Each structure stands twice: as structure tokens, then as C-alpha cells.
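This report describes selected features of one protein model, covering its rings, its sheet and its helices. Please read it alongside the sequence and the structure shown here.

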Amino acid sequence: MNDSHRKFNYGEAILAANEYLLDSYPEVFVMGQGVWSPWYVGNSMTDLDKKFGPDRVIDTPVSESACTGAGVGASLAGMKPIIVHPRMDFMLYAIDPIVNQAAKWSSMFGGQASPSITIRSIINRGGEQGAQHSQSLHSWFAHIPGLRVVMPATVADARDLLISATLCDHPVIYIDDRFLYSQTEILGPIKEKDLIGEGPKCLKEGRDITIVSSGYSTYIASKARELLLTQNISVEIIDLRVISPLKPELIIDSVRKTGRLLVLDGGWRTCGLSSEIISLVVENLSMDIFKVNPSRITLPDAPAPTSRALEEIYYFKPEDVVNCVSKMMEKE
């Protein structure tokens, strides 16, 4: 399969990764609810069941715990399953096989057994879906030793991080966001690389402030950067990509250069990813580096609303980032 220099949207990039893996690795299979349905998984699995058959692309009954537990067992037997949870909220039914089993096997057995399982979890925030269909729980899973957690923000990473996750010898939580599915990008050929080991990436260089983000928050950061350029404010964007294991060196170097740090996180504030990033930076830089105190923009500590009017307030937008950065620039 040659994907060289063709434009993909985010969902098509995930589809390309799935197709490449299923075509190249007989030990890979995909299992989960609605994997034959575009309503559940968008265009990220289109016709894969027809091409590879129902033994490789398995649509399961509604039991998150059962299909995830089966995937953990299959991985211990040498398979490389991709388990799909179309809504992260309902993946909570699978916490035991994820947290008590997959995350622990390698440690408990001295590295002699490690589930090479990828658990794909889709964020469905917005669209008046309410508090039980809109959660991004990445900070929860990043808190668990033994789990790798990735959040692709770009179309290229949507494809390539899924490949890296599936070929990894450890359990990986792969989190994609429906808000990103319309993004497009021209992709080069597939190259198998350990992107999980690479960690964060500088998407845009800048001199005035460092913005750190992941997933859809990185898209927000990019849009805010465009608006801030009209004010002659130069923003450096660091896309985390991998939030566990978290590699802070690139972030620290960036803040050392700019002297300002703003963290965007599409999760809640308390005990969240944003506080971890700020803590890591503050622990590794002397205070005289900072031209202004680090800041963060997160979701408020409240369940997501159902009302569209309240959603407009609940979810932060590029304009909110612009206002925050402008105030940080004034405080120098």
C-alpha cells in the first residue's frame, strides 16, 4: 500500500494505519463495538471487515470489559490486538482489564510477559451529548504505571502513532478525538518508527511564549497562534503527542528560550495534565527564567453541560487562548 503524498483527513489516516497493520502483520486484529459501522467509528474503519474478514475485524457485543479482557489474553498469547472503544466514557467498564491486568503483567512477571495491546479510545465531546458522553480521561490513564498513553493531534500522528502503538511491546492507550476528524494533511509514505519513544514535538517555533498541548488542544493552540501573529506575538507550540511516558526536555528548553509557559488541556483542572507539565518545568528551571508566572487553560471542574449555549462557555476556544497570552505579555 503506497500512501505517498496523498491528502488524508484524520479519520482516513487512522484507516490507513489499520489497513497497513492488518496487511503487514498477521498477528494484528481489531475488535470492538461498531467497528463495522461508520456511525460508531467514522471513516476510520471503512470496509476493513470486507477486505480482511470478520476474523480479523471483529464487531463485538456491548461488553467493554469482555472484549478488552479477551484482548489482553490474546496479547499474552502472542497476538497484537487493537481494541476499539467508540466512547471513552463507556471504556470505564473495562478499567479492571486495563488497570489491574494489562498495566501490571510486565512488572509482576519480571518482564517475562507483557501485553502488547493497543486500546483505542475515542473522545466524543460537544454536540450537546452531555456529561456521560463527553469526557476526556487521559490524565487518569497517564497516572497508571505500566500504561503508555498517546494523543495524536495531527493527521500524520493519527496514522503513525497508531502503528507505533500497535507494534509496541507494552499496553498503549491511543486516544483520538472526533473534533479532529475533519483536519486534512498530505502524508508521506509509512515508516515504522518508535514515535512513543520520541515524545513531544515542536510544531511551530516562536520567541515570545511556549504553548504546550495535546490532541484537540493542539489544534486550538495552532488557531490561536495564527491570531496572535497579527499582534506580532510569536508562539512556540509543543505538541505532547505522548503523555505517558512524559518527556519534558523539549518543553523545558523551549520555556528557557521564551520565558513564558501556557499549558492547554482538554481535561479538568484539578490533578490534571496541565499541573504536571507546569510542575515539571518549574522543578527544572530557575525562577529568574520566567518573565511571568506559568498559566493554564483547562475545562472547568464541572461535568459537561448538554445545552449548546452552556457548551460555548464550557469549552475553551482560540480566542480564550489569545486573551490569556495577551495578558501574560502585558505582565512582563
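In this predicted model, Arg6 is placed over the face of Phe8, at 4.0 Å from the ring centre.

**Aromatic pairs**

The structure holds 5 aromatic pairs. Two of these are set out in the table.

| Pair | Centre to centre | Angle between planes | Arrangement |
|---|---|---|---|
| Tyr216 and Tyr219 | 5.4 Å | 25° | stacked |
| Tyr314 and Tyr315 | 5.0 Å | 90° | edge-to-face |

The Tyr216–Tyr219 pair counts as stacked because its planes, at 25°, fall under the limit of 30 degrees. Tyr216 and Tyr219 belong to helix H10 (residues 216-229) and, being 3 residues apart, are separated by about one helical turn. Tyr219 has a relative accessibility of 24%, and therefore counts as partly exposed.

**The open sheet**

An open sheet is formed by 7 strands in the order S3-S2-S4-S5-S7-S6-S12, with mixed pairing. Its edge strands are strand S3 (57-59) and strand S12 (242-244), each of which pairs on one side only. From one strand to the next, the twist averages 20°.

Strands of a sheet pair through backbone hydrogen bonds, in either the parallel or the antiparallel sense. Strand S4 (80-85) and strand S5 (118-123) run parallel and are joined by 4 bridges. Within this pairing, Ile82 stands opposite Thr118 in S5. S5 also pairs with S7 in the parallel sense, over 6 bridges, and Tyr174 in S7 is the bridge partner of Arg120. Strand S6 (residues 148-150), by contrast, pairs with S12 in the antiparallel sense over 2 bridges; here Val149 has Ser244 in S12 as its bridge partner.

How many residues of S5 are buried? In S5, 6 of its 6 residues are buried. In a regular strand the side chains alternate between the two faces of the sheet. In S5, Thr118, Arg120 and Ile122 lie on one side and Ile119, Ser121 and Ile123 on the other, and both faces are covered.

**Helices on the sheet**

Helix H4 (residues 64-76) lies across strand S2 (28-32), S4 and S5, and runs at about 165° to S4. Helix H8 (residues 155-167) also packs on the sheet, where it touches S2, S4, S5, S6, strand S7 (172-177) and S12. The direction of H8 makes about 160° with that of S7.

Which residues of helix H11 (residues 249-258) are buried? They are Ile251, Ile252, Ser254, Val255 and Thr258. These residues cover an arc of only 165° around the axis, so they are on the same side of H11. The buried residues of H11 pack against strand S10 (209-213), strand S11 (235-239), strand S13 (261-268) and helix H12 (273-284). After H11 comes Gly259, which has a positive phi, near 80°.

**His138**

His138 lies in helix H7 (residues 138-142). Is His138 buried or exposed? Its relative accessible area is 1%, so His138 is buried. Leaving aside residues up to four places away in sequence, His138 touches Met88, Val149, Met151, Ile175, Ile243, Asp265, Gly266, Gly267 and Leu273. One of these contacts, Val149, is the residue whose bridge partner in S12 is Ser244.

Methods: Residues numbered from 1 in each chain as written. Predicted model: local features only at pLDDT ≥ 70, side-chain atom pairs only at ≥ 80, totals over all residues. Heavy atoms only, no water. Buried < 20%, exposed > 50% of the residue type's maximum accessible area, 1.4 Å probe, protein only. Contact = heavy atoms within 4.5 Å. Arc of directions from axis to C-beta. Phe/Tyr/Trp six-rings, centres within 6.5 Å; stacked < 30°, edge-to-face > 60°. Lys NZ or Arg CZ within 6 Å of the ring centre and 35° of its normal. Pairing = 2+ DSSP bridges. Axes fitted to C-alpha atoms, helices over the stretch in contact; angles between N-to-C directions.
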